[in-house]
Amino acid sequence: MRLLLIADTHLPSRAKALPDQVWREVEAADVVVHAGDWVEVALLDELEARSKRLIGVYGNNDGEELRKRLPEVARAELDGVRLAVIHETGGKQGRERRCDELFPDTDVLVFGHSHIPWDTVTPKGLRLLNPGSPTDRRRQPFCTYQTAELRDGELCDVALHELPLRR
(Lines give C-alpha, C1' and ligand atoms only; values in the text may rest on other atoms or scores of the structure.)
Protein backbone atom coordinates (compact mmCIF):
# COMPACT_ATOMS: atom_id res chain seq x y z
CA MET A 1 0.00 0.00 0.00
CA ARG A 2 1.50 3.32 -1.09
CA LEU A 3 1.04 6.42 1.09
CA LEU A 4 1.43 10.08 0.19
CA LEU A 5 1.94 12.41 3.17
CA ILE A 6 1.37 16.15 2.83
CA ALA A 7 0.60 19.04 5.17
CA ASP A 8 0.51 22.81 5.32
CA THR A 9 -0.62 23.39 1.76
CA HIS A 10 -2.08 26.84 2.59
CA LEU A 11 -3.90 27.14 -0.73
CA PRO A 12 -4.37 29.63 -2.28
CA SER A 13 -2.44 31.95 0.06
CA ARG A 14 1.00 30.31 -0.35
CA ALA A 15 0.54 28.87 -3.84
CA LYS A 16 -2.20 28.80 -6.46
CA ALA A 17 -2.20 24.99 -6.70
CA LEU A 18 -0.39 21.88 -5.62
CA PRO A 19 2.65 21.19 -7.80
CA ASP A 20 2.10 18.74 -10.69
CA GLN A 21 4.59 16.34 -9.10
CA VAL A 22 2.37 16.10 -6.00
CA TRP A 23 -0.73 15.46 -8.14
CA ARG A 24 1.13 12.59 -9.84
CA GLU A 25 1.84 11.18 -6.37
CA VAL A 26 -1.86 11.54 -5.47
CA GLU A 27 -2.74 9.40 -8.47
CA ALA A 28 -0.12 6.78 -7.55
CA ALA A 29 -1.06 6.59 -3.86
CA ASP A 30 -3.50 4.16 -2.29
CA VAL A 31 -3.95 6.56 0.62
CA VAL A 32 -3.32 10.32 0.75
CA VAL A 33 -2.76 11.78 4.23
CA HIS A 34 -3.09 15.54 4.78
CA ALA A 35 -2.05 16.85 8.21
CA GLY A 36 -3.91 20.16 8.14
CA ASP A 37 -3.67 23.81 7.18
CA TRP A 38 -5.54 23.46 3.92
CA VAL A 39 -6.86 27.07 4.28
CA GLU A 40 -9.54 26.77 1.55
CA VAL A 41 -12.04 23.94 1.12
CA ALA A 42 -11.44 23.66 -2.65
CA LEU A 43 -8.33 21.52 -2.15
CA LEU A 44 -10.24 19.15 0.15
CA ASP A 45 -12.90 18.74 -2.54
CA GLU A 46 -10.29 18.11 -5.24
CA LEU A 47 -8.29 15.63 -3.14
CA GLU A 48 -11.47 13.75 -2.22
CA ALA A 49 -12.33 13.50 -5.92
CA ARG A 50 -8.86 12.47 -7.09
CA SER A 51 -7.64 10.22 -4.24
CA LYS A 52 -8.40 6.54 -3.85
CA ARG A 53 -8.64 7.23 -0.10
CA LEU A 54 -8.06 10.47 1.81
CA ILE A 55 -7.34 10.84 5.52
CA GLY A 56 -7.15 14.44 6.70
CA VAL A 57 -7.41 16.73 9.70
CA TYR A 58 -7.91 20.44 10.14
CA GLY A 59 -5.11 22.79 11.20
CA ASN A 60 -4.90 26.06 13.07
CA ASN A 61 -5.34 28.08 9.85
CA ASP A 62 -8.46 26.21 8.77
CA GLY A 63 -11.83 27.88 9.13
CA GLU A 64 -15.28 26.71 10.09
CA GLU A 65 -16.16 24.91 6.84
CA LEU A 66 -13.03 22.72 6.98
CA ARG A 67 -13.53 22.10 10.71
CA LYS A 68 -17.06 20.87 10.01
CA ARG A 69 -15.76 18.31 7.50
CA LEU A 70 -12.50 17.22 9.13
CA PRO A 71 -11.55 15.99 12.61
CA GLU A 72 -8.82 17.39 14.81
CA VAL A 73 -7.34 13.87 15.06
CA ALA A 74 -7.88 11.11 12.49
CA ARG A 75 -7.14 7.44 13.11
CA ALA A 76 -7.08 4.49 10.74
CA GLU A 77 -5.70 0.99 10.64
CA LEU A 78 -3.97 0.39 7.31
CA ASP A 79 -2.56 -3.05 6.55
CA GLY A 80 -2.26 -3.69 10.30
CA VAL A 81 -0.48 -0.38 10.97
CA ARG A 82 -2.24 1.95 13.43
CA LEU A 83 -2.02 5.44 11.95
CA ALA A 84 -2.98 8.74 13.58
CA VAL A 85 -2.92 12.21 12.05
CA ILE A 86 -2.91 15.55 13.89
CA HIS A 87 -1.85 19.01 12.80
CA GLU A 88 0.18 20.17 15.77
CA THR A 89 2.28 18.29 18.34
CA GLY A 90 3.85 21.28 20.09
CA GLY A 91 7.50 22.31 20.13
CA LYS A 92 10.29 19.90 19.21
CA GLN A 93 11.57 19.82 22.81
CA GLY A 94 9.83 16.88 24.45
CA ARG A 95 7.86 15.94 21.31
CA GLU A 96 8.67 12.22 21.52
CA ARG A 97 7.62 11.96 25.18
CA ARG A 98 4.40 13.94 24.60
CA CYS A 99 3.43 11.87 21.58
CA ASP A 100 4.14 8.60 23.40
CA GLU A 101 1.74 9.75 26.13
CA LEU A 102 -0.97 11.09 23.80
CA PHE A 103 -0.86 8.27 21.23
CA PRO A 104 -0.12 5.05 23.15
CA ASP A 105 -2.01 2.78 20.72
CA THR A 106 -0.48 4.21 17.55
CA ASP A 107 2.34 2.94 15.33
CA VAL A 108 2.72 6.00 13.07
CA LEU A 109 1.78 9.62 13.79
CA VAL A 110 1.71 12.10 10.89
CA PHE A 111 1.72 15.78 11.83
CA GLY A 112 2.34 19.20 10.31
CA HIS A 113 2.33 22.83 11.47
CA SER A 114 6.07 23.60 11.46
CA HIS A 115 6.68 23.12 7.71
CA ILE A 116 9.86 21.33 8.85
CA PRO A 117 10.28 17.71 7.73
CA TRP A 118 10.58 15.28 10.63
CA ASP A 119 11.21 11.53 10.87
CA THR A 120 12.01 10.04 14.26
CA VAL A 121 11.06 7.09 16.43
CA THR A 122 10.04 7.67 20.05
CA PRO A 123 11.39 5.62 22.98
CA LYS A 124 8.18 3.54 22.88
CA GLY A 125 8.53 2.87 19.14
CA LEU A 126 6.07 5.43 17.72
CA ARG A 127 7.18 6.68 14.29
CA LEU A 128 6.74 10.46 13.98
CA LEU A 129 6.50 11.89 10.45
CA ASN A 130 6.11 15.48 9.29
CA PRO A 131 6.21 15.84 5.50
CA GLY A 132 6.97 19.58 5.59
CA SER A 133 5.00 21.61 3.05
CA PRO A 134 4.73 21.18 -0.73
CA THR A 135 3.85 24.86 -1.19
CA ASP A 136 5.49 26.94 1.59
CA ARG A 137 9.08 26.15 2.48
CA ARG A 138 9.40 28.95 5.04
CA ARG A 139 13.02 28.72 6.24
CA GLN A 140 13.61 25.30 4.66
CA PRO A 141 15.70 24.99 1.50
CA PHE A 142 12.89 23.22 -0.41
CA CYS A 143 9.18 22.52 -0.34
CA THR A 144 8.69 18.86 0.54
CA TYR A 145 6.35 15.88 0.90
CA GLN A 146 6.81 12.26 1.98
CA THR A 147 5.90 8.89 0.54
CA ALA A 148 5.93 5.52 2.26
CA GLU A 149 4.88 1.92 1.74
CA LEU A 150 2.98 -0.42 4.02
CA ARG A 151 3.98 -4.06 3.56
CA ASP A 152 3.12 -7.02 5.75
CA GLY A 153 1.92 -4.79 8.58
CA GLU A 154 5.01 -2.58 8.60
CA LEU A 155 5.86 0.94 7.47
CA CYS A 156 8.66 0.77 4.87
CA ASP A 157 10.52 2.96 2.42
CA VAL A 158 9.71 6.34 3.97
CA ALA A 159 11.12 8.96 1.61
CA LEU A 160 11.28 12.74 1.78
CA HIS A 161 10.89 14.39 -1.64
CA GLU A 162 12.15 17.88 -2.42
CA LEU A 163 10.27 19.95 -4.96
CA PRO A 164 11.95 22.30 -7.44
CA LEU A 165 11.91 25.94 -6.38
CA ARG A 166 9.02 27.89 -7.90
CA ARG A 167 9.71 30.93 -9.99
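1. Which residue is the bridge partner of Leu83 in S6? In S6 that partner is Val108, and the pairing around these two residues is taken up in point 4. This is a predicted model, in which local features need pLDDT of at least 70 and side-chain atom pairs count only at pLDDT 80 or more, while totals for chains, interfaces and linings use all residues. Residues are numbered from 1 along each chain as its sequence is written, and side-chain values use heavy atoms, with hydrogens and water left out.

2. The annotation, to begin with, comes from a record: an unreviewed UniProt entry carries "domain: Calcineurin-like phosphoesterase" over residues 1–152; UniProt positions are given in the numbering used here, feature names are shortened, and annotations may be inferred rather than shown by experiment. Over residues 1–152 the chain is 22% helix and 28% strand, with its end C-alpha atoms 10 Å apart. Helices (H or I, at least four residues) and strands (E, at least two) are DSSP runs, numbered from the N terminus.

3. An open sheet is formed by five strands in the order S3-S2-S1-S9-S10, with mixed pairing; two strands count as paired if DSSP finds at least two bridges between them. Strand S3 (54–56) and S10 stand at the edges, each with a single partner strand, so one side of each is left without a neighbour in the sheet. Neighbouring strands of this sheet are turned against each other by 20° on average, direction ignored. Within the sheet, S1 and S2 run parallel and are joined by four bridges, and Leu5 has Val33 in S2 as its bridge partner.

4. Strand S5 (residues 81–86) is largely enclosed by the rest of the structure, because five of its six residues are buried (buried means under 20% relative accessible area, exposed over 50%, partly exposed in between, with a 1.4 Å probe and protein chains only). Strand S4 (residues 73–78) pairs with S5 in the antiparallel sense over six bridges, and Ala74 stands opposite Val85 in S5. These two strands, S4 and S5, form a hairpin with two residues between them, and Asp79 in the turn has a positive phi of about 50°. S5 is also joined by three bridges to strand S6 (residues 108–110), the two running parallel. From S5 the chain crosses through helix H4 (residues 95–102) to S6, and this β-α-β crossover is right-handed; the term applies if, with the strands pointing away from the viewer, the path from the first strand over the helix to the second runs clockwise.

5. In helix H1 (residues 20–28) the buried residues are Val22, Trp23, Glu25 and Val26. They cover an arc of only 155° around the axis, which puts them on the same side of H1; the arc is that of the directions from the helix axis to the C-beta atoms. Asp20 and Arg24, on the other side of H1, are exposed. The cover over the buried residues of H1 includes strand S1 (2–6), strand S2 (31–34), helix H2 (41–50), strand S9 (144–151) and strand S10 (154–162), where contact means heavy atoms within 4.5 Å. H1 lies across S1, S2, S9 and S10 and runs at about 145° to S1, axes being lines fitted to C-alpha atoms, for helices over the stretch in contact, with angles from 0 to 180 degrees between N-to-C directions.

6. Helix H2 can be read in a similar manner. The buried residues of H2 are Val41, Leu43, Leu44 and Leu47. They cover an arc of only 155° around the axis, which puts them on the same side of H2. What covers them includes S1, H1, S2, S3 and helix H3 (64–69).

7. The loop between S1 and H1 deserves a separate look at its backbone geometry. Most residues other than glycine have a negative phi, and most peptide bonds are trans. Asp8, in the loop between S1 and H1, has a positive phi of about 50° although it is not a glycine, and Asp8 counts as buried at 0% relative accessibility. His10, in the loop between S1 and H1, has a positive phi near 50° and is buried, with a relative accessible area of 4%. Leu11 and Pro12 are joined by a cis peptide bond, with omega about 0°, and Pro12 lies in the loop between S1 and H1.

8. Finally, Asp136 lies in the loop between strand S8 (127–130) and S9 and is buried, with a relative accessible area of 13%. Not counting residues up to four places away in sequence, Asp136 touches Arg14, His115 and Cys143.
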